[in-house]
Amino acid sequence: MTTFKILQFNMQYGQAWDDADPDRAPIDLDLTMDEIRSHGADIMLLQEVERAQAGGVQTDPPPNYTRLRAGLESYDSYFAYPRADPRELPFGIGLAIFSKTPLRDILRRDIPSPPVEFEFRGKKHTPTDRVLLGATTTVAGRDLRLFNTHLLAFFMINSSTSDYPLQLRLVLDAARASAGPTVLAGDFNVVSHEALTHQFGAAGYRTVQTDKVTWRRHPFVLDHIFYNRHLRPVGHVVKPTRASDHHVVVAEFEFV
């Protein structure tokens with residue numbers, strides 16, 4: 001192996017996309033699985049693996065992750081829920097890392113959300129915490145550190161990341177602490193990708209692309225694959241899919 005392929009995908013707990021009525025589109029995890037498999041990635045970083053349940057109940061074992069793991073039996077994998085919270089709203093939660101090579105040195109870190117009030121279905125709410133998932137694997141004889149995250153969409157609660165920078169700062173701290181080849185991917189939920197890439201640039205990371213939008217609901221570049229100076233991208237694609245409201249981002253890398 002001279003190169004390796006990374007897949008970044010917010011899978012929206014397997015809910016397919018319907019142009020006419022996206023919020024009531026059916027759950028089709030087989031479609032999700034077909035999309036993921038079609039890219040033949042060596043490493044897959046997934047967000048919104050599960051759908052949050054009423055009262056913040058977290059089903060164990062996680063049902064969608066269990067099906068994915070069974071359908072991707074040649075991959076090693078790890079999954080993490082965010083901190084259980086009865087305030088959880090019925091959206092996607094949970095991160096997973098899948099890798100053709102064994103995963104080790106697992107990190108799971110809570111990413112606190114600020115107590116910003118917002119309205120949902122006529123009631124006042126405050127956001128629940130997020131999570132950062134990390135792991136190390138060995139590719140072509142070289143260690144590769146992986147991070148996966150899904151940050152709060154401040155723009156959806158009439159606020160901004162610049163007003164509450166803690167979440168992004170905690171993720172950047174983890175990235176800075178990784179000295180070797182590192183990929184940090186996820187749904188960063190930052191509308192201004194220029195500001196986001198500037199902050200990551202200051203920490204020594206670049207994103208593979210900012211030209212193509214990655215979300216169907218608004219023309220935003222929310223999903224990124226960041227990499228540090230030990231890696232060189234040799235190709236990438238943003239692929240629209242009916243398997244989610246997010247597109248798939250795939251990048252191929254080589255070690256510098």
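Is lysine 100 buried, exposed or partly exposed? Lysine 100 is partly exposed, with a relative accessible area of 42%. Here buried means under 20% relative accessible area, exposed means over 50%, and partly exposed lies in between (1.4 Å probe, protein chains only).

**The model**

This is a predicted model, in which local features need pLDDT of at least 70, side-chain atom pairs count only at pLDDT 80 or more, and totals for chains, interfaces and linings use all residues. Residues are numbered from 1 along each chain as its sequence is written, and side-chain values use heavy atoms, with hydrogens and water left out. The protein averages a pLDDT of 97, and 100% of the residues score at least 70. pLDDT is the predictor's confidence in each residue, from 0 to 100. Among the elements, strand β8 (residues 118-120) has the lowest mean pLDDT, 94. Strand β2 has the highest, 99.

Helices (H or I, at least four residues) and strands (E, at least two) are DSSP runs, numbered from the N terminus. Two strands pair if DSSP finds at least two bridges between them.

Strands β1 (residues 4-10) and β16 (residues 248-255) pair in the antiparallel sense over 5 bridges. In this sheet, leucine 7 stands opposite valine 250 in β16. Contact means heavy atoms within 4.5 Å.

**The sheet with β7**

Another open sheet of 6 strands has the order β7-β10-β11-β12-β14-β13, again with mixed pairing. Strands β7 and β13 (206-207) form its edges, each pairing on one side only. Strands β7 and β10 (residues 130-139) run antiparallel and are joined by 6 bridges. Isoleucine 111 stands opposite arginine 130 in β10. Helix α3 lies across β7, β10, β11 and β12, at about 160 degrees to β7. Helix α4 packs on the sheet too, touching β12, β13 and β14 (223-227). The direction of α4 makes about 20 degrees with that of β14.

**Nonpolar cores**

A nonpolar core is a set of buried Ala, Val, Leu, Ile, Met, Phe, Trp, Tyr and Cys residues joined through side-chain atoms within 4.5 Å. The largest has 25 residues. Ile6, Ile225 and Phe253 have the most contacts inside it. Leaving aside neighbours within four places in sequence, isoleucine 225 touches residues including Ile6, Val183, Val208, Val250 and Phe253. Apart from this core lies another, of 23 residues, among them Ile36, Ala52, Ile93 and Ala96.

**Salt bridges**

A salt bridge is a side-chain nitrogen of Lys or Arg within 4 Å of a carboxyl oxygen of Asp or Glu. The whole structure holds 16 salt bridges. Three of them are listed here.

| Pair | N to O distance |
|---|---|
| Lysine 100 and aspartate 42 | 3.9 Å |
| Arginine 104 and aspartate 105 | 3.8 Å |
| Arginine 104 and aspartate 143 | 2.9 Å |

Lysine 100 lies in the loop between β6 (95-99) and β7 (104-111), and aspartate 42 in the loop between α1 and β2, so the pair ties together parts 58 residues apart in sequence. Aspartate 42 is buried, at 14% relative accessible area.

Arginine 104 is partly exposed, at 31%. It lies in β7 and aspartate 143 in β11 (residues 142-150), so this pair ties together parts 39 residues apart in sequence. Aspartate 143 is partly exposed, at 43%. Elsewhere, Arg83, Arg108, Asp110 and Asp129 are linked in a network of salt bridges.

**Backbone exceptions**

Most residues other than glycine have a negative phi, and most peptide bonds are trans. The bond from aspartate 60 to proline 61 is cis, with omega near 5 degrees. Proline 61 sits in the loop between β3 (50-51) and α2 (63-71).

Asparagine 158 has a positive phi, near 55 degrees. It is found in the loop between β11 and α3 (166-176), and is exposed at 78% relative accessibility. Asparagine 189 has a positive phi of about 55 degrees. Its place is the loop between β12 (182-187) and α4 (193-202), where asparagine 189 is buried at 7%.

Key. Axes fitted to C-alpha atoms, helices over the stretch in contact; angles between N-to-C directions.
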